[in-house]
Amino acid sequence: RFTHAFQIPVHWHDELEIIYVRKGPLQVMVDGEMYVGKAQSIFIVNPGQLHLMSSTHPPVDYYTLLFPLEFISFQTDDALEQELLFPLRNHSMTFATELPQDELGQTCCALLDRLIALNEKTDAEKQIGTRILLLQLIQLLVQNQLITHTGTGSPLGIQKELLSYIQQNYTGHITLPELSEHFHLSEKYI
């Protein structure tokens, strides 16, 4: 729960992230597209997608569930791994970013509320329950065709390279000419 304005900077990771808004507004940008989350909004950030979260109008109450896809894998070479989990990991398949706020959305919110409530359980019970609920959520997404085949790779590679370079090499002022020279791109392109 945030009671003040905030911004979590643009980043990406190899894990799947589910953003569940209990009270908004929460601005969520995924791969350059801006969404506004209100109560019961759910957003999915697929592995490798650039994203940020912010709010200029607190209070905001939201949860992020971040987990590697291996967490719900059975570590076997079966249809689940070949047709869903591996394509999600290699970015050739993605879930829809924003879930509809209809009966399906309400069902997903109920699953996420149950998942959040698991924090009071013992470790083994929490682990089993978390995996079951995440698999149920993913089953709903697949059943409702909220998944897309994207081909291979991420179209935002240069943006990720730029961000990584900036994070690793700069703590102060950065100039556009420096970046354009390092990446052999025109300043206009950057």
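A nonpolar core is a set of buried Ala, Val, Leu, Ile, Met, Phe, Trp, Tyr and Cys residues joined through side-chain atoms within 4.5 Å. The views below come from a predicted model.

**View 1. The largest nonpolar core has 31 residues.** Ile-18, Ile-42, Phe-67, Ile-72 and Phe-95 touch the most other members. At least two residues each come from β2 (16-23), β5 (41-45), β7, α1 (79-89), β8 (93-95), α2 and α3. Helix α2 gives the most, with 7 residues. A second, separate core holds 12 residues, including Tyr-35, Phe-43, Val-45 and Tyr-62.

**View 2. Contacts of Ile-72.** Setting aside residues up to four places away in sequence, Ile-72 touches Phe-67, Leu-85 and Arg-131, among others. Leu-134, Leu-135 and Ile-138 are also among its contacts.

**View 3. Helices α2 and α3 pack against each other.** Helix α2 spans residues 103-117, and helix α3 spans residues 123-143. Their axes come within 9 Å and cross at roughly 170 degrees. The two helices are therefore roughly antiparallel. From α2, the contact uses Leu-104, Thr-107, Cys-108, Leu-111, Leu-112, Arg-114 and Leu-115. From α3, Thr-130, Leu-133, Leu-134, Gln-136, Leu-137 and Leu-140 take part. By class, the contact has 9 nonpolar, 3 polar and 1 charged residues.

**View 4. Leu-65 in strand β7.** The strand covers residues 61-67. Leu-65 has a relative accessible area of 14%, so it counts as buried. Beyond its neighbours within four places in sequence, Leu-65 is in contact with Leu-16, Glu-17, Ile-18, Leu-112 and Leu-115. Leu-135 lies 70 residues from Leu-65 in sequence and 13 Å away in space, C-alpha to C-alpha.

Notes. Residues numbered from 1 in each chain as written. Predicted model: local features only at pLDDT ≥ 70, side-chain atom pairs only at ≥ 80, totals over all residues. Heavy atoms only, no water. Helix = DSSP H or I, 4+ residues; strand = E, 2+ residues; numbered from the N terminus. Buried < 20%, exposed > 50% of the residue type's maximum accessible area, 1.4 Å probe, protein only. Contact = heavy atoms within 4.5 Å. Axes fitted to C-alpha atoms, helices over the stretch in contact; angles between N-to-C directions. Parallel < 35°, antiparallel > 145°, perpendicular 65-115°, else oblique. Nonpolar A, V, L, I, M, F, W, Y, C, P; charged D, E, K, R; others polar.
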